[in-house]
Amino acid sequence: MGGGGRGLDETATWSVALVCAIIVIISILMEKAIHHVGHHLKHRNKEGLLEALEKIKAELMILGFISLSLTFCQNSIASICVSKILTKDFLPCKRKPDGKEPEDDEDDAEDARRRLLMYDTHRKLGGGEPVECKPGYEQLITVTGLHQLHIFIFFLAVFHVIYSALTMICGRAKIREWKHWEKDILQQQQSGHDPSRYRLTKEISFVKGHATKTGSSAFFYIICFFRQFFTSVGRSDYMAMRHGFISVHLAPGSQFNFQKYIKRSLEDDFKILVGVGPLLWTVAVIYLFANVEGTHAMIWLSLFPVVIILAVGTKLQAIIARMAIEIQERHAVVEGVPLVQVTDNHFWLKDPSLILSLIQLTLFMNAFELTHFFWIWYEFGLFSCFHQKPLLQLVRVLIGIIVQVLCAYGILPLYALLSQMGSKMKRTIFDDQTSKALKHWHKHAVKKKDAKGQSGHLPTSGNAAAQSATPDSADGGHASSGQSAHIVASVDIPQDKKNAS
């Protein structure tokens, strides 16, 4: 048996044990690292990120199961024979005549022969060599092709984790920039500063920056299209959205950290972004099917994420512009911060989650594009038949990087802010708000008990708080603005100690 085909029966036991030990150690370190990350997220009450981590683990398990299935079923799959009439077309590269390698592909041929030696041992795992096909037929897919597909699944798993992490890091970095705006607003409220003063609507920064009245709807969207490249979220935008959110969902003047709520909301959305459902797997299969030689399908498909994310960015900018125009049309003079209208009517199909689904689709398509490019580079080389025009392939990668940065650093944080302008409010607010209210109530109840020297009963307001918190804890998603106002009002603890007691 050749050197490339030496089995375990001809391999030193110490080398087998050493390789197994290394694999086990790496696996344990990875498991401990994931467990440590999960424990850290749980300790910091990052429920959204913890659920996202569990989704990533589940998806990696699925990819691992697919990989294991390919390993043990490869010879059975390779034994399936189909007519050559069915396999002569839909090839990603031109078929080599008479099974000979072209002269200009000698390096690729040598590399392929080297890989075949690496794969020779794996061919025995399925129970012997694949069955030879009769004349006029050939294998549905060879063992070598299955191993290359195996490597692609590994690339997909690694890039999915890296891509998801980069998306969240960029989004959180952008939202972190809003922290000093929120701090300034809260400090002004605590110091008794009254921002209420009358101003002409046209002099307000939010209105001046976004209220673009045009006679043509097409021209309006063209302006919004270019605006997404220059502005994402300004201070005036943040203050207007914050004021509108608090005025509708909470009591005016509430000491509420809106920036922290947006950050929790983004974490809650992240667990949706990292999910890979049947629709996204269907898109991946379509990508692989469309990669036919001569069509340059991968180049054209790489434009889809660009089109989708630019359309989403334009829509989000249009929503802000509509809000500014509505303020200008309703009021000639505004007191304090302008009050934006909170409604689902601004979104496509009156559903803010539709935009999140499009962002998820864009990120997956873009990640798949980059994964496919680097897999081809690893398996077949940068200048292989898959990349007949290397310059276009480099442009394709550059487009993918630009889409990733634009989506993660610009579009996703803007969506996290504007999605709060819908008619429904996410439950992420209640976990923190209710918890603080109950702790505040419990602290006052203990003080009252110590002061009176009685065993004491729960105050009526505390019972109301606990009862009002219960329905939301059981709620699976959103609460309407009317319900949320009732819940927050019921758990609100007065600042005045006389009222509290």
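Buried means under 20% relative accessible area, exposed means over 50%, and partly exposed is in between. Keep those cut-offs handy for this tour of a predicted model.

**Stop 1: Arg-242 and Glu-182**

Start by selecting Arg-242 and Glu-182 and showing their side chains. The two meet in a salt bridge, at 3.0 Å from N to O. Now colour the helices: Arg-242 belongs to helix H9 (residues 235–249), while Glu-182 belongs to helix H6 (residues 179–190). The pair links distant parts of the chain, 60 residues apart. Are these two residues buried or exposed? Both Arg-242 and Glu-182 are buried.

**Stop 2: Asp-184 and Arg-235**

Stay with helices H6 and H9 and select Asp-184 and Arg-235. Their side chains also meet in a salt bridge, here at 3.6 Å from N to O. Asp-184 lies in helix H6 and Arg-235 in helix H9, so this pair ties together parts that are 51 residues apart in sequence. Asp-184 has a relative accessible area of 28%, so it counts as partly exposed. Arg-235 is partly exposed too, with a value of 32%.

**Stop 3: Glu-267 and Lys-46**

Next, select Glu-267 and Lys-46. A salt bridge joins them, and their closest N and O atoms are 3.3 Å apart. Which parts of the chain does this pair tie together? Glu-267 sits in helix H10 (residues 258–273), and Lys-46 sits in the loop between helix H1 (13–43) and helix H2 (47–78), so the bridge connects parts that are 221 residues apart in sequence. Check the surface again here. Glu-267 is buried, with a relative accessible area of 3%. Lys-46 counts as buried as well, at 10% relative accessibility.

Lys-46, Arg-172 and Glu-267 are linked in a network of salt bridges.

**Stop 4: Asp-89**

Finish by selecting Asp-89. Where is this residue found? Asp-89 is in the loop between helix H3 (84–87) and helix H4 (106–120). With a relative accessible area of 45%, Asp-89 is partly exposed. Asp-89 and Glu-293 are 204 residues apart along the chain, and their C-alpha atoms are separated by 9.3 Å.

Note on methods:
Residues are numbered from 1 along each chain as its sequence is written. This is a predicted model: local features need pLDDT of at least 70, side-chain atom pairs count only at pLDDT 80 or more; totals for chains, interfaces and linings use all residues. Side-chain values use heavy atoms; hydrogens and water are left out. Helices (H or I, at least four residues) and strands (E, at least two) are DSSP runs, numbered from the N terminus. Buried means under 20% relative accessible area, exposed over 50%, partly exposed in between (1.4 Å probe, protein chains only). A salt bridge is a side-chain nitrogen of Lys or Arg within 4 Å of a carboxyl oxygen of Asp or Glu.
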